[in-house]
Amino acid sequence: MSFRPALLIIDLQNDFLPGGSLAVPNGEEVIKPILELLPQFPVVVATKDYHPPQHISFASVHNQEAFTLKDLPNPEDETQTKSHTLWPDHCVQATHGCEFPEEFLKKVDIINDADFKPNTSSVSSNTTEKKPTNVVLVKKGYLPDREYYSAFADVWGLHQTELETFLKDNDITDLFIVGLSMDYCVKFTAIDAVKRGFKATVVQEATRAMGKKEDAAMELLTNGVEMISLEKLNEIMDQYNDSS
Ligand SMILES: [Zn+2]
């Protein structure tokens, strides 16, 4: 039975952290556990919500209040709509809000999927100087006419990001998903991962929800996603790194 894990960090961006335009309550608490997990994984992917200034999910574009619901059309078939929450402007390309937090940037080299080489574990090495972890950046939300929650595709499933191909090219079997927020992009990415044949597990201490985390947890579990504690995941990764 093969086991090749990847750490998938969802939208750890300044706008979702304290002081950001769409801050997730206690979102900053995920940073420490994520930094702890980084050097343990051979493959690490970080996603960015990466919107143009006039994105369809922004309330400002529709002259509406943030957090109201609106039916948004399928970009390829206007007769189909889905009801969506409209958001404050957030994660606009080339703004501070779109960036990863400083503490994270200090520990990583951000690369694109074509330049990827697996990280060798620095956990068991005796050197005190740790190499930065290579982190593959996957952007979503840059097409202006559609919403994205899953990091694999837009809400209509019309545009697939490079994420699935990258993970399959690197023989990933198990995804450990962390980041923000648990009830939106983390949840939809995890459920989408299961549909695409990965084992998907959300790390409890390394995610926070906009709303009720219990509701999100229930939905994850009923859709075949597992939840794990940071402690248990550390044990699994210790074992994996000892044997590989
Ligand atoms: Zn967004």
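What covers the buried residues of H4? The cover includes strand E1 (5-10), strand E7 (174-180), strand E8 (199-208) and helix H5 (213-222). Keep in mind while you look around that this is a predicted model.

## The whole protein

Let's step back for a moment. The secondary structure of this protein comes to six helices and nine strands. Its radius of gyration is 18 Å, close to the 18 Å the globule rule gives for 244 residues, so the protein is as compact as a globular protein of that length.

Of the 244 residues, 41% count as buried. Take the contacts with a separation of 6 or more, and 74% of them come from residues 24 or more positions apart.

## The sheet

Next up is an open sheet of seven strands with parallel pairing, and the order to follow is E5-E6-E2-E1-E7-E8-E9. At the edges sit strand E5 (108-111) and strand E9 (226-228), each pairing on one side only. Going from one strand to the next, the twist averages 30 degrees. As a bit of background, strands of a sheet pair through backbone hydrogen bonds, either parallel or antiparallel.

Valine 45 is a handy spot to look at: its bridge partner in E6 is valine 136.

## Helix H4

Back to the helix from the opening. Helix H4 covers residues 185-195, and nine of its eleven residues are buried, so H4 is largely enclosed by the rest of the structure. The buried ones are Cys185, Val186, Lys187, Phe188, Thr189, Ala190, Ile191, Asp192 and Ala193. Two of the strands covering them, E7 and E8, also turn up in the order of the seven-stranded sheet.

Just past the end of H4 comes glycine 197, which takes a positive phi of about 95 degrees.

## A look at threonine 81

Is threonine 81 buried or exposed? Threonine 81 has 12 other C-beta atoms within 10 Å, so it counts as exposed. You'll find this residue in strand E4 (residues 77-85).

Which residues does threonine 81 touch, leaving aside its neighbours within four places in sequence? Its contacts are Asp71, Leu72 and Pro73. As for lysine 70, eleven residues away along the chain, its C-alpha atom is separated from that of threonine 81 by 9.3 Å.

Methods. Residues are numbered from 1 along each chain as its sequence is written. This is a predicted model: local features need pLDDT of at least 70, side-chain atom pairs count only at pLDDT 80 or more; totals for chains, interfaces and linings use all residues. Helices (H or I, at least four residues) and strands (E, at least two) are DSSP runs, numbered from the N terminus. A residue is buried if 20 or more other C-beta atoms lie within 10 Å of its own, exposed if 12 or fewer, and partly exposed in between; C-beta atoms are placed from the backbone. Two residues are in contact if their C-beta atoms, placed from the backbone, lie within 7 Å. Two strands pair if DSSP finds at least two bridges between them. Axes are lines fitted to C-alpha atoms, for helices over the stretch in contact, and angles run from 0 to 180 degrees between N-to-C directions. The radius of gyration is taken over C-alpha atoms; the globule rule is 2.2 Å times the number of residues to the power 0.38.
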